[in-house]
Amino acid sequence: MLNKGLRDEEKIRIDNVLKTLRTLVFVPQPLNNLDKTNIENQLKEFALNIETLVDHSNEDLIDLLIRLHFDWEQLELFADFLMDFSKVKNYNFESKALALYQYIQTESKVFSFGINYKIASLKNINTK
């Protein structure tokens, strides 16, 4: 288990990477090589790249993020990134985002209307 100081540093590092990832996919647009490289470089911080993100099962991805000490808010931000990234042509991470949102809702033991709304929205997308 990480001590308080290391936990705080780890939280700040994860938060900064997530903020950068979110800004890189904020506007849905086709990715150019520089965008892809920037996303890949940020994902490396989590021992991921686009290919491994595609290849990981939902459960393996959740396990990896938990091992990296993601808290509930960070898991939600990563799922939000996956949703934004899914708007980019050729990437479909909705099922991974849904799995993350469901994991948060179940395991956090706290009901969140925001998470519940995201789950319902994703289920609506998948049933159309």
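This is a predicted model: local features need pLDDT of at least 70, side-chain atom pairs count only at pLDDT 80 or more; totals for chains, interfaces and linings use all residues.

Entry 1: I started with Asp 15, which is buried because its relative accessible area is 17%, and the cut-off for buried is under 20%. What does Asp 15 form a salt bridge with? I looked, and the partner is Lys 11, with the closest N and O atoms 3.3 Å apart. Both residues sit in helix α1, four residues apart, which is about one turn of the helix. Lys 11 counts as partly exposed, at 31% relative accessibility. A reminder to myself: side chains of opposite charge can pair when their charged atoms come close.

**Entry 2: a pair across the sequence.** Next I checked Glu 45 and found a salt bridge with Arg 13, the closest N and O atoms being 3.0 Å apart. Glu 45 is in the loop between α2 and α3, while Arg 13 belongs to helix α1, so this pair ties together parts that are 32 residues apart in sequence.

**Entry 3: α1 against α2.** How do these two helices lie? The axes of α1 (residues 4–24) and α2 (residues 33–44) come within 10 Å and cross at roughly 160°. An angle over 145 degrees counts as roughly antiparallel, so that is what I wrote down for α1 and α2. Their crossing is left-handed. I listed who meets whom: Val 17, Thr 20, Leu 21 and Leu 24 from α1 meet Asn 38, Ile 39, Gln 42 and Leu 43 from α2. Sorted by class, this contact has five nonpolar residues, three polar ones and no charged ones.

Entry 4: I then searched the whole structure and got nine salt bridges. One of them joins Lys 87 and Asp 84, with the closest N and O atoms 3.7 Å apart. Shared partners link Arg 22, Glu 76, Asp 80, Asp 84, Lys 87 and Lys 118 into one network. Within it, Lys 87 counts as exposed at 55% relative accessibility, whereas Asp 84 is buried at 12%.

**Entry 5: a closer look at Asp 80.** Where is Asp 80 placed? I found it in helix α5, residues 72–86. At 11% relative accessibility, Asp 80 counts as buried. Leaving out residues up to four places away in sequence, Asp 80 touches Arg 22, Tyr 101 and Lys 118.

Definitions and conventions
Residues are numbered from 1 along each chain as its sequence is written. Side-chain values use heavy atoms; hydrogens and water are left out. Buried means under 20% relative accessible area, exposed over 50%, partly exposed in between (1.4 Å probe, protein chains only). Contact means heavy atoms within 4.5 Å. Axes are lines fitted to C-alpha atoms, for helices over the stretch in contact, and angles run from 0 to 180 degrees between N-to-C directions. Angles under 35 degrees count as roughly parallel, over 145 as roughly antiparallel, 65 to 115 as roughly perpendicular and the rest as oblique. A crossing is left-handed if the near helix is turned anticlockwise from the far one by less than a right angle, and right-handed if clockwise. Ala, Val, Leu, Ile, Met, Phe, Trp, Tyr, Cys and Pro count as nonpolar, Asp, Glu, Lys and Arg as charged, and the others, Gly among them, as polar. A salt bridge is a side-chain nitrogen of Lys or Arg within 4 Å of a carboxyl oxygen of Asp or Glu.
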